[in-house]
Amino acid sequence: MTISITDQQLGSLLRPRSVALVGAADKSGFSQMAYRNLMEFGLGEHTYLVTRRGARTHGRPTVTSCTQIPEPVDVAFMMVPRAGTLDALSDAAAAGIRHALVLSSGYADAGAAGPVALVSQSGMAASAMLDFATMTGVGPSYLVTVGNEAMLTAGHVLHYLAGDEHTKAIALFLETIRDPAVFAAAAHRAAAAGKAVVVLKSGRSELSAKMAAAHTGAVAGDDHTISELLHDLGVIRVTSIEDLVLAAGAAAHLGRLARPGIGVVSISGGACDMLADHAADLGAPLPVLAPATRVALAGILPDFGTVQNPLDITGAAIIEPGIFTRCIEVVSADPSVGVVAVINPLPWHGDGRPWPGQVLADAIGAGAARARVPVVCVSQVMQPVTGYTMKVMAQAGISYAIPGLRHCVAALRNVGWWSGQST
């Protein structure tokens with residue numbers, strides 16, 4: 001049976017104006033984190049604590065029933081033992097509360113909001129998604145866990161997010177697609193809105209399918225059929241949380257690319273070699289540069305440089321950072337290139353002194369400002385994108401960075417494929 005859920009209903013669930021914490025307790029870590037998060041997100045005056053005995057909790061007075069709350073409540077968050085859940089739900093319903101969340105897993109701090117919605121059928125997978133998104137600078141617009149989807153499915157959430165102004169891409173961890181028709185309609189809506197949908201679907205192996213069934217009661221389904229469905233819907237499918245988050249982040253920040261070709265400009269020849277290997281392994285397009293592009297680059301590089309894609313601009317750029325700027329501009333104008341990946345280190349912690357590599361970062365930012373296609377900065381290894389990193393990027397005018405050569409290649413390949421899908 002398909003359950004009809006409107007965007008207005010989901011809006012009051014995902015962006016509530018008031019919340020009741022049912023079963024709040026000072027000794028509960030879940031209660032403490034939920035309460036703290038609500039305070040930090042500005043809902044302090046509209047958060048109500050419901051306890052069995054009405055004892056003061058989290059430094060505030062409490063009520064013993066949701067019916068005693070003096071204003072309408074959008075969401076009741078249930079932190080009660082299983083035996084008391086039905087009574088608690090009945091009490092919330094009597095108070096006119098239309099949404100209830102029943103605790104099944106933990107929480108983590110979301111940090112600053114961003115353009116990528118994270119949706120998961122597993123609470124701990126959601127936590128891992130949030131941790132990695134925070135580490136790599138992929139800001140979340142929402143973090144939604146749907147559990148065993150007793151009423152609300154991932155497809156319903158996807159449909160809402162497709163129309164949400166705060167969200168530019170949606171990343172989902174799925175153990176099953178509970179209602180394919182609802183999911184397909186939501187995916188079509190996202191495509192029409194120009195929002196990438198990225199899915200990490202477990203159950204590819206027999207053992208994984210059994211684990212999913214034990215975890216949330218999910219029926220994994222035939223994996224080949226699911227892959228075909230996702231492909232036909234223009235949904236990016238990945239096999240790791242890292243690729244899930246980074247593909248969604250890249251799509252949110254870059255949007256649809258005019259063409260899938262990846263142009264590479266690098267300060268390191270060795271990094272060019274490694275990236276080329278990753279591209280071959282992953283099937284990512286590194287187009288041969290056009291004759292006019294090669295001529296223009298030959299006029300910029302020193303005599304010992306080699307014009308090709310990936311392009312090693314050599315150590316001469318350390319002496320003359322403008323080489324970086326001009327090469328980025330020229331490669332971006334190549335008719336086969338849809339995005340430029342610039343390999344250069346970015347710092348993730350400082351020592352109180354100005355970062356010595358800022359001059360090269362500034363040259364990259366200048367090239368990005370002149371580029372005809374989007375430009376991303378790439379580090380050779382998986383490293384954090386911290387507040388310090390973002391400060392350096394902001395000063396340089398670098399809008400986005402992807403850590404790790406392989407992960408960058410995978411993300412840009414996926415965004416390029418998605419960009420070519422019809423809406």
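This is a predicted model: local features need pLDDT of at least 70, side-chain atom pairs count only at pLDDT 80 or more; totals for chains, interfaces and linings use all residues.

Trainee: What is the strand order in the open sheet of five strands?

Mentor: The order is E6-E5-E7-E8-E9, and the pairing is parallel. From one strand to the next, the twist averages 15°.

Trainee: Which strands stand at the edges?

Mentor: Those are E6 (140-145) and E9 (236-238). Each has a single partner strand, so one side of each is left without a neighbour in the sheet.

Trainee: How many bridges join E5 to E7?

Mentor: Five bridges join strand E5, residues 116-120, to strand E7, residues 169-174, and the two run parallel.

Trainee: Which strands does helix H4 lie across?

Mentor: Helix H4, residues 123-135, lies across E5, E6 and E7. Relative to E5, H4 runs at about 155°.

Trainee: And H5, how many of its residues are buried?

Mentor: Eight of the nine residues in H5 (residues 154-162) are buried, which leaves the helix mostly covered. Among them are His156, Leu158 and Tyr160.

Trainee: What do the buried residues of H5 pack against?

Mentor: They pack against the strands E5, E6, E7 and E8 (196-201), and also against helices H1 (7-14) and H6 (180-192).

Trainee: Changing topic to Thr85: is it buried or exposed?

Mentor: Thr85 counts as buried, because its relative accessibility of 14% falls under the 20% cut-off. Thr85 is placed in helix H3, residues 85-94. Leaving aside neighbours within four places in sequence, Thr85 is in contact with Val80 and Val102.

Trainee: On to electrostatics. How many salt bridges does the count come to?

Mentor: The count comes to five salt bridges. One of them joins the side chains of Arg17 and Asp74, at 3.3 Å from N to O. This pair links distant parts of the chain, 57 residues apart: Arg17 is in the loop between H1 and strand E1 (19-22), and Asp74 is in the loop between strand E2 (47-50) and strand E3 (75-78).

Trainee: Arg17 first, then: buried or exposed?

Mentor: Arg17 is exposed, with a relative accessible area of 62%. Asp74, by contrast, is buried, with a relative accessible area of 10%.

Trainee: Which residue does Arg370 meet in a salt bridge?

Mentor: The side chain of Arg370 meets that of Glu329, at 3.7 Å from N to O. Here too distant parts of the chain are linked, with Arg370 in helix H14 (residues 358-370) and Glu329 in helix H13 (residues 322-332), 41 residues apart. Arg370 is partly exposed at a relative accessible area of 48%, and Glu329 is partly exposed at 31%.

Trainee: And what does Asp351 form a salt bridge with?

Mentor: Its partner is Arg353, with the closest N and O atoms 2.8 Å apart. Both Asp351 and Arg353 are exposed.

Trainee: Finally, the backbone. Where is the cis peptide bond?

Mentor: The bond from Asn309 to Pro310 is cis, with omega near 10°. Pro310 is in the loop between helix H11 (291-298) and strand E11 (311-312).

Trainee: What is the phi of His58?

Mentor: His58 has a positive phi of about 55°, although it is not a glycine. Most residues other than glycine have a negative phi. His58 lies in the loop between E2 and E3 and counts as buried at 16% relative accessibility.

Trainee: And what is the phi of Thr314?

Mentor: Thr314 has a positive phi of about 70°. Thr314 is found in the loop between E11 and helix H12 (316-319), and at 9% relative accessibility Thr314 counts as buried.

Technical notes: Residues are numbered from 1 along each chain as its sequence is written. Side-chain values use heavy atoms; hydrogens and water are left out. Two strands pair if DSSP finds at least two bridges between them. Helices (H or I, at least four residues) and strands (E, at least two) are DSSP runs, numbered from the N terminus. Axes are lines fitted to C-alpha atoms, for helices over the stretch in contact, and angles run from 0 to 180 degrees between N-to-C directions. Contact means heavy atoms within 4.5 Å. Buried means under 20% relative accessible area, exposed over 50%, partly exposed in between (1.4 Å probe, protein chains only). A salt bridge is a side-chain nitrogen of Lys or Arg within 4 Å of a carboxyl oxygen of Asp or Glu.
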